[in-house]
Amino acid sequence: MLHTSKFAFQHNYMPILELHNLRKYFATQKAVDDISLSIEKGSIFGLLGPNGAGKTTLIRMITGIFYPDQGQIIFDGKKFDPLNDIENIGYMPEERGLYKKMKIGEQTLYLAQLKGLNATDATRKIKEWFIKFDMHTWWNKKVEDLSKGMSQKLQFVITVLHEPKLIILDEPFSGLDPVNTNLIKDEIYNLAQKGATIIFSTHRMEQVEEICDHIVLVNKGQKILDGTVQKVRQDFKENIFSVGVDQMPAILNGNTPFEVLSNKEHLFVVRIKDGSKPNDVLQYLLQQHANIHSFNEILPSLNDIFIRLVEGTPLSRQFQKIND
Amino acid sequence: MNKILLIIKREYLTRIRKRTFIISTILFPLFYVLIIFGSGYLASKSIRKLKVAVIDSSGLFTPSLVENVNAKDSSSYLTLITSNQDSLKHNYSSLGYDGYVVIPAVRWDEKIDKLPFKTNKTHGIASVMEVQNKLNIAWGKIKADSLGMDERKRSILNDKNISLKEENEKNKEANAEIATTIAYVCGILIYVIMLLYGSQVMMGVMEEKTNRIAEVVISSVRPFQLMLGKIIGIGLVALTQFLIWITFMLIIYNVGKASGSATGMMGSLAGGLQNVFTSINMPILIFFFIFYLLGGFFFYSSLYAAIGSAVNEDMREAQSLSFPVTMLIIFSIIIMSSAIIDPGGDLAVWASIIPFSSPIVMMARIPFGVPETVPWWQLTASMVALIGGFIFTTWFAGKIYRVGILMYGKKPTWKEMLKWAFRKS
């Protein structure tokens, strides 16, 4: 894809949002417990975590709905001022909501004006977006007449209409068909390229790997992972490779530099033992006259890492599970 | 501030354009008039003309006497039975009588107390009263004849009584009857508007919460702005409705005055209004009505907003939580009826100062005269208390609203809601 922000990291790093030691406690639980993070301007940032991890509370503090009990939020270089800064934020909550009986055009205009746009600008922008998303015939319809996917598209337009610097999308693709998913996905890249920063909160890890530059994983109110997608995957690699051979040579004694985790037809998943290197594996196989046709490292997917960190199951154990 | 205006505008316009608003604005006064006049009409219609057989053991009743009283009014019909008295007692119903009385063998100067009126089903008090009146007319005539009084003497004795009409020297136009009517109308109108529009606020908040639009909106405005905008918007709808009614009334009044002669329904309505306008200080009444309407509305609707924010989509949850609030309003209406009977009494004075009941009770006292019946100090105290009261309830409701609007799941109790309100933020 076209976004280049991944590579801007090393150069002049400009955060749009910084959280310093944020805490929010409710009566019975520590919803957010000392979280710090920094989000680069123009990046697509994945905020991940299981249900009840504190993502929504964190987002509600960033959108000015909750005040933190402790800690500081810096937005675009200045101390976060909910009253004014929320006009520069667009938030699409996981639970979508619109006035069912209100006409779509009127409703979009109303919500845009609440974000500080004047009526003329708002009307012009709404018309542009409605044409772009093929919604221009909807103006006088009511929300209750729309399908779930249609109202999802409308909600996205409402979120980004006022051209916010920071866009927070909570599960933006749920309920969308592949065509509309791609439509929204392209629009997300588009907005990021124009300089908007996107916080993308989801459980769908394959989408995160595809879209996000940088991720943070929270669990039980705390940050347990922070980094670029590539770096995180490298950090969690467990020296697991897939080896394509015609026939795996018999392992005579425990002297092999690897152990076999699973095999399927002629593809073997192996883990290199501590102290050995990939080359040792190849060398061993060649010595045994194995006919090698592929040799690839398996990096853990974000999904694997997520499960491992949240449930404490290592990648290698997952393969064993499959095998058992 | 600008955003509150946007919210007010939306709340106001979406409601005012609804068909139900237009219909209720037109139909409510019609219903009101119908209920007031209709119930009187129905009450008079529901009195049955009873046919009563009279068996006379005293020998004082004569057929001509009975005929005479029957001719005077037709609200019931007496028949003097002279033969077959025993069989009548068994068969009165098949003979076409509703019941019978047996006049005991008494002298004309004796009293007949609790004379049994035998029937085979219970008739209303009003119908029985008519029979009693008629018998008394006949009995009076018997007494008068025995005393040797002629028709003239009798009418002097019966009709020339002293009747009182209160004349307020400070306010020559004051009319206690009109004041009582206006007091009822004002009190009940405020009661209806507070309940009706209060529950509209509650349902509006519930709608925003269950539609999940609340979270979208409060990522643009403060929760308090959203709540206040809704309350003010709906309050303005109530005010608009009231002003439309006042305008109707002024038009009828002026049309009636211009046409001069009072003819027909329109004329009598205008005539009635004319009496009201001359006996009551209308500008003062309208000013205070608007004040107490809005004051009472803000006081209670913010509580309703807090309840709406705390519950989920279940109407029963909302009803059980709003029960204490609704009770306070109903309680005010009970105090109002005694305040109208004694508008200067202790209960009336205190209930019209305490903000829980002041909107209804004070509006029931004001028609009796400001500053004679309601001194200025009481009005001032009441207004200050109500303003203070609704600032407090709005603040209190805002605290609950802020927490409740994003809280899903179990319905909270009032105790939990108080905790939300008074914990440090």
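Where is A:His289 found in chain A? In this predicted model, A:His289 belongs to the loop between helix 9 (278–287) and strand 14 (292–297) of chain A. Although A:His289 is not a glycine, its phi is positive, at about 60°.

## Sheet of chain A

Chain A contains an open sheet of four strands in the order 2-1-4-5, and the pairing is antiparallel. Strand 2 (30–40) and strand 5 (78–79) of chain A stand at the edges; each has a single partner strand, so one side of each is left without a neighbour in the sheet.

Within this sheet, strand 1 (residues 15–25) of chain A pairs with strand 2 of chain A in the antiparallel sense, over eight bridges. A:Leu17 stands opposite A:Ile39, a residue in strand 2 of chain A. In general, the strands of a sheet pair through backbone hydrogen bonds, either parallel or antiparallel.

## Contact between chains A and B

The contact between the two chains draws 19 residues from chain A and 16 residues from chain B. On the side of chain A that touches chain B, the elements giving two or more residues are strand 6 (89–92) and helix 3 (104–114) of chain A. Helix 3 of chain A gives the most, with four residues. By class, this side of chain A has twelve nonpolar, three polar and four charged residues.

Helix 3 of chain A also packs with helix 1 (residues 2–16) of chain B: their axes come within 9 Å and cross at roughly 160°. This angle makes helix 3 of chain A roughly antiparallel to helix 1 of chain B, and the crossing of the two helices is left-handed. The contact is made by A:Tyr110, A:Gln113 and A:Leu114 of helix 3 of chain A, together with B:Lys3, B:Leu6 and B:Arg10 of helix 1 of chain B. The residues of this helix contact comprise three nonpolar, one polar and two charged.

## Overall form of chain B

The secondary structure of chain B consists of 16 helices and four strands. Chain B has a radius of gyration of 30 Å, whereas the globule rule gives 22 Å for 425 residues; the value is well over that figure, so chain B is more spread out than a compact globule. Taken along the principal axes, the box filled by the C-alpha atoms of chain B is roughly 95 × 50 × 40 Å.

## Sheet of chain B and the helices upon it

The strands of chain B form an open four-stranded sheet in the order 2-1-3-4, with mixed pairing. Its edge strands are strand 2 (76–81) and strand 4 (117–119) of chain B, each of which pairs on one side only. From one strand to the next, the twist averages 25°. Strand 3 (residues 99–103) of chain B pairs with strand 4 of chain B in the antiparallel sense over three bridges, and B:Tyr100 stands opposite B:Lys118 in strand 4 of chain B.

Helix 3 (residues 63–72) of chain B lies across strand 1 (50–56) and strand 2 of chain B, and runs at about 175° to strand 2 of chain B. Helix 5 (residues 125–147) of chain B also packs on the sheet, where it touches strand 1, strand 2 and strand 4 of chain B. The direction of helix 5 makes about 55° with that of strand 2 of chain B.

Helix 14 (residues 358–365) of chain B and helix 15 of chain B have axes that come within 11 Å and cross at roughly 160°. Helix 14 of chain B is therefore roughly antiparallel to helix 15 of chain B, and their crossing is left-handed. B:Ser358, B:Pro359 and B:Met362 of helix 14 meet B:Ser382, B:Ala385 and B:Leu386 of helix 15 of chain B. These residues divide into four nonpolar, two polar and no charged. The loop between helix 14 and helix 15 of chain B holds B:Pro371, which is joined to B:Val370 by a cis peptide bond with omega of about 5°.

Helix 15 (residues 376–404) of chain B also packs with helix 16 (residues 414–422) of chain B, at an angle of about 105° and with axes 8 Å apart. These two helices are therefore roughly perpendicular to each other. B:Phe396, B:Lys399, B:Ile400 and B:Val403 of helix 15 make the contact with B:Met417, B:Trp420 and B:Ala421 of helix 16 of chain B. The residues of this contact are six nonpolar, no polar and one charged.

Definitions and conventions
Residues are numbered from 1 along each chain as its sequence is written. Chains are lettered from A and ligands numbered from 1 in the order in which they are written. This is a predicted model: local features need pLDDT of at least 70, side-chain atom pairs count only at pLDDT 80 or more; totals for chains, interfaces and linings use all residues. Axes are lines fitted to C-alpha atoms, for helices over the stretch in contact, and angles run from 0 to 180 degrees between N-to-C directions. Angles under 35 degrees count as roughly parallel, over 145 as roughly antiparallel, 65 to 115 as roughly perpendicular and the rest as oblique. Two residues are in contact if their C-beta atoms, placed from the backbone, lie within 7 Å. Ala, Val, Leu, Ile, Met, Phe, Trp, Tyr, Cys and Pro count as nonpolar, Asp, Glu, Lys and Arg as charged, and the others, Gly among them, as polar. Two strands pair if DSSP finds at least two bridges between them. A crossing is left-handed if the near helix is turned anticlockwise from the far one by less than a right angle, and right-handed if clockwise. The radius of gyration is taken over C-alpha atoms; the globule rule is 2.2 Å times the number of residues to the power 0.38.
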